[in-house]
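The following exercises concern the architecture of one model. Each task is followed by a solution in steps.

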Amino acid sequence: MSLHNGESGDGANRWYDLFSRGTRDWLRHNEKVREAVREQLPDLVAGSDVLSRPENRTVKVPVRFMEHYHFTLRQPSEQTGAGQGAGKPGDVLRPAQPVRPGQGQQGGGEGEGGITFVLEFQIDDILDWLWEELKLPNLQPKEGSAVEEDTLIREGWDKRGARSRLDRRRTMRESIKRRTAQPTSNVPISNEDLRFRQLARRRRPTTNAAVFFVLDVSSSMDDHCRKLAKSFFFWALQGIRRQFSSIETVFIAHTVEAWEFAEEEFFQVHGQGGTKSSTGLAKAQEVLDERFDPATYNCYLFYATDGHNFSEDRSRATDQLLELAQAMNFCGYAEVSHQNHRRLDTEVAGIWRALDEAGIPCGSYSLTREADIWPAIKAFFTDQAGEPEEA
Amino acid sequence: MPDKRLQDFIPQIESLARELGLHHFPVDFEVVPPSFMMEVAVYGLPVRMPHWSFGVRWIYQMVQHKMGNSKIFEVVFPGNPNRAYLVNTNSVEENTLVVAHVLGHADFSHNNQTFVRSQNQVGYHIVEQAAAHAHRIEEVMETEGARRVEEVLDAALALEPHIDTGQPLERPAYRPSPRAGAPEKQPEGFHQRFAHLPGEEPEQPAGRRAPRQAMHIPPHPERDLLWFIAHYAPEMEDWERDIFLAVRKEAYYFQPVFNCQIMNEGWASYWHSRLLREADFLPSQMYVDCMKTHSDVVRPYAGEQQVALKVNPYHLGYRMWEKLTEDKGTEAARDIMAEEDDFGFVRNYLDRSLAEELGLFVYSAKQNGEIRVTESNLHELHEAILAPKYNFGAPRVYVDELQADGTLNLRHQAEGDGRGLDVDRARHVLEYIDRVWRRPVKLYTHDERGREICLKPGWDDD
């Protein structure tokens with residue numbers, strides 16, 4: 001009989017310090033959950049909660065533990081068990097729980113199967129899955145919009161250079177050549193053998209995009225509307241980001257006035273009072289003129305509102321939109337509201353119809369609930385791909 | 001290094017145990033970190049086959065542990081030698097108690113008939129065997145791919161409790177029915193008198209020209225689903241059968257642990273308290289500290305609560321053994337320990353007065369969440385304690401028929417279990433089975449109105 005110590009120095013018993021089977025099997029479980037999540041991803045990510053941490057390029061999705069199923073008996077209407085302690089026949093140990101409204105009388109879901117935890121997904125992974133899943137077309141960059149940009153590339157070699165750019169393969173080749181020519185030499189590598197890669201400056205085409213998000217924050221835009229708009233903007237932006245090597249965003253909120261915001265503040269903005277679409281569009285025009293040359297940028301405009309606009313603003317807004325849209329690859333209009341009926345039958349929707357009639361590439365999408373987000377995103381990318389190239 | 005004091009105490013406690021009549025195979029103690037213990041508690045064995053479901057249990061255990069709700073004191077694997085693990089972060093007092101506790105377990109597994117029978121079947125080296133299974137499975141993953149192996153494990157581990165320990169571990173295939181072969185032996189004595197009940201027509205001897213009937217497989221309802229599938233699946237590969245048989249072997253090992261938990265934990269608790277009480281070599285302060293741990297382990301309720309909705313097996317078993325040794329003497333208690341499992345132990349020896357003293361009761365929980373203590377007699381109390389242990393904790397599902405076309409007909413004994421199966425889960429299990437059986441699989445059970453229904457794998461649904 002003996003007492004061993006797992007930490008004794010002989011190393012024979014230390015394998016479990018190096019390797020956790022629990023972790024391994026837990027990770028495998030998570031992988032399975034990811035696979036399952038992936039299958040219903042579009043529904044899950046439409047929930048706006050996933051947008052909590054865009055700065056980390058990850059989203060968090062609440063998921064359930066997977067259950068390894070066994071044969072079990074059906075839940076009885078009344079279950080008996082044995083307990084211990086101060087209890088006399090007739091004592092109620094726990095009163096009946098009130099049925100929460102909205103929650104079905106579905107039993108089950110108890111135990112391990114009912115526990116949820118949060119998985120973090122890379123947004124880029126999600127996007128790839130989604131594009132695959134939804135079979136979304138890629139964006140069409142503007143003809144001739146490629147911008148020349150300087151980049152450093154490796155080119156040629158030299159006998160002198162920084163240590164980090166030593167070309168070992170070439171150096172060895174030189175060494176072998178030299179030693180073949182001088183069989184008496186026993187210097188493996190001489191200074192003469194060294195070869196270094198050189199960098200050269202080259203102009204390369206890149207694709208740039210500027211995306212304008214204009215959001216109506218007037219008092220009629222409540223949390224529900226704002227959330228839908230946010231989700232729509234977020235995924236549209238991610239989709240564009242997926243394609244362009246450099247992208248600049250402009251966030252504009254308006255009521256009867258308009259302001260530009262940083263991304264983090266943008267969705268927190270609450271406004272008061274009425275709506276003048278023209279102000280937001282004018283602000284976008286102002287920023288465009290100031291910072292972006294439409295010849296070198298692929299520009300996109302997204303506008304989200306509940307559709308209400310002062311009717312006296314109609315002609316100004318229409319003119320402003322027509323002017324702005326000239327510079328855009330594509331314009332998207334997202335109408336967020338509570339009602340299902342009267343979709344795209346509002347003041348602002350009318351203005352956008354005028355845009356469409358003028359032959360400018362644009363699309364209008366109506367969002368009343370989360371389930372509408374993916375169809376809208378899909379419609380946006382499909383519309384955009386279907387548009388003929390702008391002259 | 002393990003504490004010097006602990007090293008000194010171990011042989012002393014062991015020789016004291018011998019003097020008091022404990023009899024067991026040698027015990028190898030090993031001091032390990034808590035992370036290792038946690039895994040052992042989750043997997044049931046130090047090295048075991050990989051499966052994602054263990055990962056779920058593991059994270060659950062981790063959370064419990066981090067919240068301070070669970071502390072693992074010891075794990076011991078019966079065998080020759082017994083393998084016991086102590087936690088290196090536990091105090092020397094706690095570990096001294098654990099050593100005494102482990103000797104109680106070692107004595108139990110060496111003498112209790114359920115354990116003896118199981119160990120005769122499985123052998124005395126389950127720890128090594130399980131490690132070999134795990135190793136073999138990991139090798140198969142290399143050649144067949146982790147996903148295929150996982151599918152087989154999904155099925156095999158789901159059926160883990162569906163074994164029949166009444167049959168030997170190494171079990172021959174069914175023999176053709178005697179009718180088709182040699183002439184039947186003349187029944188003798190008892191069989192001759194009672195082979196046919198009064199008024200029953202004696203069976204006509206099969207005529208010579210009667211067509212040779214195909215054997216009905218299985219010839220009797222077959223409860224060992226793991227064995228049956230491993231031997232009769234029409235298209236299973238050898239490595240898949242091996243996995244089923246590995247899971248089955250481990251299940252044979254786990255079953256006595258499950259079936260004797262109250263007795264076994266009670267026995268070990270009784271002996272750790274008695275051994276330490278009689279260990280005059282222990283400093284008295286140390287004895288007091290050990291006993292604090294003891295009362296934590298065998299307390300009936302968690303924390304400050306006054307009532308528990310389950311019975312702590314350590315507590316119940318401990319109190320029963322304490323009373324039995326007091327009333328009948330140690331020798332009689334040892335005989336009971338050798339012969340019973342939890343079913344016989346509770347039914348025969350948990351009497352009214354002890355049940356009342358311990359405050360045991362039966363409760364009923366309604367679907368609306370109300371829990372009420374019910375009026376119960378002793379028999380009902382026994383069965384309420386034992387119900388979760390019936391049939392290795394699983395519904396009674398057996399193989400009814402292997403059809404000529406390879407269809408597997410399973411049947412659930414709904415009458416015996418009092419109600420039908422959870423349909424959703426059962427369908428999922430059928431999906432697991434379907435992946436290895438590769439022919440149609442059906443399962444008959446009852447719906448909530450007691451009518452027979454036939455379940456198929458989820459994806460076969462009409």
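**Exercise 1. The sheet**

In what order do the five strands form an open sheet?

Solution. The model is predicted, so local features need pLDDT of at least 70 and side-chain atom pairs count only at pLDDT 80 or more, whereas totals for chains, interfaces and linings use all residues. Residues are numbered from 1 along each chain as its sequence is written, with chains lettered from A and ligands numbered from 1 in the order in which they are written.

Step 1. Helices (H or I, at least four residues) and strands (E, at least two) are DSSP runs, numbered from the N terminus; two strands pair if DSSP finds at least two bridges between them.

Step 2. The order is 4(A)-6(B)-5(B)-3(A)-4(B), with antiparallel pairing. At the edges lie strand 4 (92–94) of chain A and strand 4 (307–308) of chain B, each of which pairs on one side only.

Step 3. Strand 3 (residues 78–85) of chain A is joined to strand 4 of chain B by two bridges, and Gln84(A) has Ala308(B) as its bridge partner there. Seven bridges link strand 3 of chain A to strand 5 of chain B, where Ala82(A) stands opposite Val362(B).

**Exercise 2. A helix pair**

Describe how helix 4 and helix 12 of chain B cross.

Solution. Step 1. The axes (lines fitted to C-alpha atoms, for helices over the stretch in contact, with angles from 0 to 180 degrees between N-to-C directions) of helix 4 (residues 92–111) and helix 12 (residues 284–297) of chain B come within 8 Å and cross at roughly 70 degrees.

Step 1. The two helices of chain B are therefore roughly perpendicular, a class covering 65 to 115 degrees.

Step 2. Among the contacting residues are Glu93(B) and Leu97(B) of helix 4 and Met286(B) and His294(B) of helix 12. By class, the contact has three nonpolar, three polar and three charged residues.

Methods. Angles under 35 degrees count as roughly parallel, over 145 as roughly antiparallel, 65 to 115 as roughly perpendicular and the rest as oblique. Two residues are in contact if their C-beta atoms, placed from the backbone, lie within 7 Å. Ala, Val, Leu, Ile, Met, Phe, Trp, Tyr, Cys and Pro count as nonpolar, Asp, Glu, Lys and Arg as charged, and the others, Gly among them, as polar.
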